[in-house]
Amino acid sequence: MNILTITALPAGGATYAAQRLHSALVEYGHACTFACCDPVQPGHVALNYQRPDATPFMSPLFRYWSTLSTPETREQGACELFSDTSTLLASPALPDHIVEAADVVHLHWASGILYSPALFRLLRNKKLVWTLHDMNPFTGGCHYHVSCERYEHECGNCPLLAHPAPNDVSLQAHRFKRLLYRELDITMVSPSAWLADKARRSPLFTGKKVAVIPNTHDTTLFAPRDRASLRSQYGVEKDTFIVLTGVESLDNPRKNIGCMVEAMEQFAQRRPHISFELVLFGAGGANLLASFPTRHVGSLDAESLVDWYNMADVFVHPSRLDNLSNTLCEAQCCGTPVISFDAGGSTEAFQDGETGFISGNQPQHLAEALDRLLSSDMESLRQKARMFAMNRFNGKNIAQRYTDIYEDDIINQEHHGMHGPTDERLAFNAMDGFLKVAPFDKPAP
C-alpha cells in the first residue's frame with residue numbers, strides 16, 4: 001500500500017515515534033512517504049514553504065500559543081502547552097499528487113497543520129489513520145491535564161487559559177473540531193489503553209474506531225552493549241549505582257524532574273553506604289540542586305543515549321502524566337529495568353515486578369521503589385526487560401497491526417459532499433490565525 005505519514009514537527013517524542021513506525025512500514029513492504037514541517041531530514045517531504053528568514057515554520061505559532069495560558073495554570077494542570085486551531089499552513093508545499101496517490105494518510109502530531117484549508121480539502125477524500133500522542137486531538141486545546149474532564153462534554157471555562165470564560169477559545173476549538181471530524185474518515189490509534197479510554201469518552205470521536213497499538217522501537221540500535229567497557233570509556237566507576245533519568249526538557253513541569261532529585265535525597269538516607277550517582281539527560285535543568293553526586297550530560301544523540309541506558313542500573317520516569325513514554329521503552333530495549341509513577345499510560349510500558357517497578361507518586365515512594373530494585377535480582381530484571389521489549393515493540397508485528405487497520409474499510413463514502421460551509425469556516429479560521437500570530441512572527445531584535 002501507499003502510506004503518507006504527516007506530522008507537524010521535525011523533532012520530539014511524537015516525531016521520533018512516527019519516524020520509527022515509518023521505517024517499520026517500509027521494511028514491511030509498503031511504499032511510504034514522510035512529510036513534516038522544516039527542517040526536514042533527507043528523504044522526507046516538506047509540508048511548508050521555506051520561510052524567507054529561514055526561521056522554523058512553527059516557531060511563531062508556539063510563541064503565540066504560549067500566551068494563551070500561564071506558567072501557573074500549566075504547572076497546576078501538568079501541561080506544557082495549550083494550542084488553539086490557528087494554522088499558518090494555508091498553502092502547503094506538499095504537492096497535491098502525493099496526497100492523492102496515497103491509499104492511506106497517517107497523521108501523528110497535527111496541531112497547527114490539520115486546519116489548513118488546502119490540506120483539509122485533500123484529506124477529506126482519504127482514508128485517515130491518526131496516532132494519538134497526547135490529548136489535544138479530542139480537547140479544546142490542552143495536550144495533557146491531570147484532572148480536567150470538560151472535554152467529555154464541550155470544554156469552556158478552561159482551567160489552563162489565562163482568561164477562562166464560558167465561551168472561551170477552548171469551547172470554540174472543541175466545536176470547530178467536532179464540525180471538521182464529521183467530514184473525515186478517521187480511525188484513531190493510541191499507543192496506550194489509558195489514552196484510548198480518554199479518547200473514547202470524547203464526543204468528537206463518536207462513531208470513530210479507537211484502537212490500541214504501542215509504538216515501535218529500533219531494537220537493533222537500542223540493544224545491550226558492554227557495560228563495563230562503556231563505564232570505563234565515560235569515567236563511571238564500575239560499582240557505582242547509576243540512576244538515569246531524562247526528557248527533552250528537564251524544566252518541563254509535567255516531567256517532574258524536581259521530584260526525582262527529592263527522591264534521591266531520601267534514597268541517600270535509606271542507603272547511606274551505597275555509592276550512587278544520578279545522571280540526567282536533556283536540555284535545561286540549571287536550577288536542579290542536589291547534595292549527592294549528579295551528572296548532567298545534556299541533550300544526547302541516539303548513539304550516546306543507548307550508551308547511557310546500558311551504563312545505568314535503572315531508568316526512572318517520574319512524569320506526572322504521559323501516554324506511553326519512549327524512554328521507558330528504549331531503556332528496556334537496552335536491557336535496563338525501569339521505575340515509573342502510576343500516571344497515565346506509563347505503567348503499560350513495562351511489567352511491574354518483572355522488568356521494573358511501579359512507584360507511588362511521591363518522592364518517598366520513589367525512594368522505596370529504588371530500594372526495592374536494589375534488593376532484587378538485577379541480572380534477571382535485565383534479561384526480562386530485553387525480552388519484553390523485543391516482543392512488545394517489535395517493528396514487524398506493529399507494522400502488521402497497522403496494516404490490518406489500513407486495509408479495513410479503505411474509504412467511507414458518506415464523508416463526501418459536505419464541503420461548502422466547512423470550507424468557509426476553514427478559510428476564516430486560517431485568516432484569523434494569521435492575524436493572531438502575526439505579532440509573534442517578527443525577527444528577534
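The model is predicted. In it, β5 belongs to an open sheet of seven strands with parallel pairing.

**The seven-strand sheet**

- The strand order is β3-β2-β1-β4-β5-β6-β7.
- The edges are held by β3 (45-46) and β7 (209-212), each with a single partner strand, so one side of each has no neighbour in the sheet.
- Strand β5 spans residues 127-131, and five of its five residues are buried, so the rest of the structure largely encloses β5.
- Strand β4 (residues 104-107) runs parallel to β5, and four bridges join the two.
- Across that pairing, Leu107 stands opposite Trp130 in β5.
- Strand β1 (residues 2-6) also pairs with β4 in the parallel sense, over four bridges.
- There, Leu4 stands opposite Val105 in β4.
- Helix α1 (residues 13-28) lies across β1, β2 (31-36) and β4.
- The angle between α1 and β2 is about 165 degrees.

- Strand β11 (residues 314-317) and strand β12 (residues 338-341) run parallel, joined by three bridges.
- His317 has Ser340 in β12 as its bridge partner.

**Around Asp322**

- Asp322 sits in the loop between β11 and α11 (326-333).
- Is Asp322 buried or exposed? Its relative accessibility is 6%, under the 20% cut-off, so Asp322 counts as buried.
- The Asp322 side chain makes a polar contact with the side chain of Ser319, at 3.0 Å.
- Leaving aside residues up to four places away in sequence, Asp322 touches Tyr144, Trp194, Arg254, Lys255, His317, Ala343, Gly344, Gly345 and Ser346.
- One of these, His317, is the bridge partner of Ser340.

**Helix α9**

- Helix α9 covers residues 257-270, which makes 14 residues.
- At 1.5 Å a residue α9 should span 20 Å, and its end C-alpha atoms are 20 Å apart, so the two values agree.
- The buried residues of α9 are Ile257, Cys259, Met260, Val261, Ala263, Met264 and Phe267.
- They pack against β8 (241-249), β9 (276-283), β11, β12 and α12 (363-374).
- Asn256 lies in the loop between β8 and α9.
- Phi of Asn256 is near 65 degrees, a positive value in a residue other than glycine.
- Asn256 counts as buried because its relative accessibility is 17%, which is under the 20% cut-off.

**Helix α14**

- Helix α14 has 12 residues, 395-406.
- Which residues of α14 are buried? They are Ile398, Ala399, Tyr402, Thr403, Ile405 and Tyr406.
- These residues cover an arc of only 155 degrees around the axis, so they lie on the same side of α14.
- Residues three or four places apart in an α-helix point the same way, because there are 3.6 residues a turn.
- At the N-terminal end, Asn394 caps α14.
- A side-chain oxygen of Asn394 lies 3.0 Å from the backbone nitrogen of Lys396.

**Other local features**

- A cis peptide bond joins Asp38 and Pro39, with omega about -5 degrees.
- Pro39 is in the loop between β2 and β3.
- Ala54 lies in the loop between β3 and α2 (59-66).
- Its phi is near 65 degrees, a positive value in a residue other than glycine.
- Ala54 counts as exposed because its relative accessibility is 54%, and the cut-off for exposed is over 50%.
- Ala228 is part of helix α8 (residues 227-234).
- With 57% relative accessibility, Ala228 counts as exposed.
- Ala228 and Leu25 are 203 residues apart in sequence, and their C-alpha atoms are 35 Å apart in space.

How values were computed
Residues numbered from 1 in each chain as written. Predicted model: local features only at pLDDT ≥ 70, side-chain atom pairs only at ≥ 80, totals over all residues. Heavy atoms only, no water. Pairing = 2+ DSSP bridges. Buried < 20%, exposed > 50% of the residue type's maximum accessible area, 1.4 Å probe, protein only. Polar contact = N/O pair within 3.5 Å; in protein donor to acceptor, adjacent residues only side chain to side chain. Contact = heavy atoms within 4.5 Å. Expected span 1.5 Å × (residues − 1). Arc of directions from axis to C-beta. Axes fitted to C-alpha atoms, helices over the stretch in contact; angles between N-to-C directions.
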